[in-house]
Amino acid sequence: MEEERLSNMEKEVLIALKDRGGEASPEALVEDGMEMVKVMNASSWLQSKGLVRIREGIEKIYSITDEGEKFLKEGLPEKNLLKKLLKGKKSFDEIGNDETAGIAIGWMKRKGWCEIEKADGKKFLKITDEGKKAAAEKSIEEKALEALRDNKTADEKILQILKKRGAVSEKEKIVRTIYLTEKGKNVVEKGIEIKDEIVQLTPEIIKSREWEKKDFRKYDVRAFAPAIYPGKHHPMMQLIKKIRNIFVEMGFKEIQGNYVESCFWDMDVLFIPQDHPARDMQDTFYCKNPSRMEVDKKLLDIVAEIHETGGKTNSKGWGYKFSKEESKRVLLRTHTTVNTIRYLIQHPEPPAKIFSIGKVFRRENIDMTHLPEFYQVEGIVYEEGANFRELIGVLKEFYRKMGFEKIRFRPAYFPYTEPSMEIEVEWNGKWMELGGSGIFRPEVTEPFGIKEQVLAWGLGLERMAMMILGLYDIRELYFSDIEWLRKLPLL
Ligand code: PHE
């Protein structure tokens, strides 16, 4: 049974291990005539089948440096000096004071080969008995270097000293041993036969009818196989695509806009008063360069009048002095409603079912449910007879298609809609706000010839993504944790 599931290479490794007494290094198997890559490949398969284990250890490899070669050829500096001292003591002047001399004297003293003598106000170096003995034989360092040269083992402590002296260098090498497990031994014991079997079926084998005469290698469906992670889009991009499909299915047309907008388009046309808290530097990102943007003069006049007095609408406006300068300020759009209103003003003839998906920017403090940069999906239904019930219906339908059954609507306030409501979805036992909606006020529509009711909404995407992906913290979406991204199923 086991044997049938082994490849010929695996069998060869098992047999070679048995012949070598149950364990061997990969290098040894290569000596037996196998290829290293194949040995390693077969061994790791055998390991996953529990027939062998691969043990790894670290071994230090020493090699002789150029300095070491010099020592071998010319002798160690202390040894050379020692030989000179055999002929009699030498003054420091005679020895010289270059670097080699310094090193030689240092080592000689440390080894007790010489002593310093003072005479006639001069310093001399004199050989000791210990030194005389040492001069007659090879030093431990010399022996170690020679052993290394002859590929023999040398004392670790001496090699470390030679390393400090720059005569040898040290490298670490991973050494592997492959050995048979009990299970592996049993399989080999029973006898392994290397057969010429078909491992992969090719058109040639089928055509030549070779398969009729040969055995097939059995598949091991339980065998370990590395997981393959194909490329895919980021979950946010997948979500956007899904949302886009849903609105298209529901008969909507997509429009686009820019990140950089004027206050006029982002807020003024939407009847947001110029002293509204959302306009605060604390809440909105304003641009420095350019800090002002041209705005259509005619439109500006209309909007100024609406804010101040309500113009020809029934509204009384906000009753303050509108600043056209303020309108020209440049900002990063704070909502995608800017796309919708511009589209409506440019296309005032009904009907229209429009949506847009894009990033918006707000100076939010980052926390589990807030990001300063997030996606919104915005939409409108503009047609004769459009009403509040239809608005609720469209939003319910959208969320149902996204997989949310439990949603609720709460009265809310936006300066540009009346009535207005917030949409909430149940999450972790709490209600989480996902977006706003309402019917555009006459101050927003009438001055531009928009005659019918406009149902509008703007919904956040990241919070929805968080719920769909089962995240606890909104920031996880943008951590780019590659493991998480890989394992995430497609939406
Ligand atoms: N613009 C609002 C927001 O950013 C959402 C909204 C859109 C509300 C359209 C009403 C109508 O939260």
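Ala, Val, Leu, Ile, Met, Phe, Trp, Tyr, Cys and Pro count as nonpolar, Asp, Glu, Lys and Arg as charged, and the others, Gly among them, as polar. By these classes, the lining of the largest pocket has 18 nonpolar, 15 polar and 10 charged residues. The model is predicted: local features need pLDDT of at least 70 and side-chain atom pairs count only at pLDDT 80 or more, whereas totals for chains, interfaces and linings use all residues. Residues are numbered from 1 along each chain as its sequence is written, and side-chain values use heavy atoms, with hydrogens and water left out.

A pocket is an open set of points on a 1 Å grid over the protein atoms alone, where a 1.4 Å probe fits, with protein on both sides within 12 Å along at least five of seven lines; lining residues have an atom within 4 Å of a point. The volume of the largest pocket is about 930 Å³, the volume being the space filled by probe spheres set on the points, which are joined across faces, edges and corners. Its lining comprises 43 residues, and Arg362, Phe374, Gln376, Phe414 and Glu433 are the closest to its centre. Domain 3 (227–259 + 334–491) and domain 4 (261–332) both contribute to this lining, so the largest pocket lies between them; domain bounds come from an automatic or database domain assignment.

The second largest pocket holds about 420 Å³ of space. Of its 20 lining residues, Pro77, Thr100, Ala101, Ile103 and Ala104 lie nearest the centre. The lining of the second largest pocket divides into 8 nonpolar, 3 polar and 9 charged residues.
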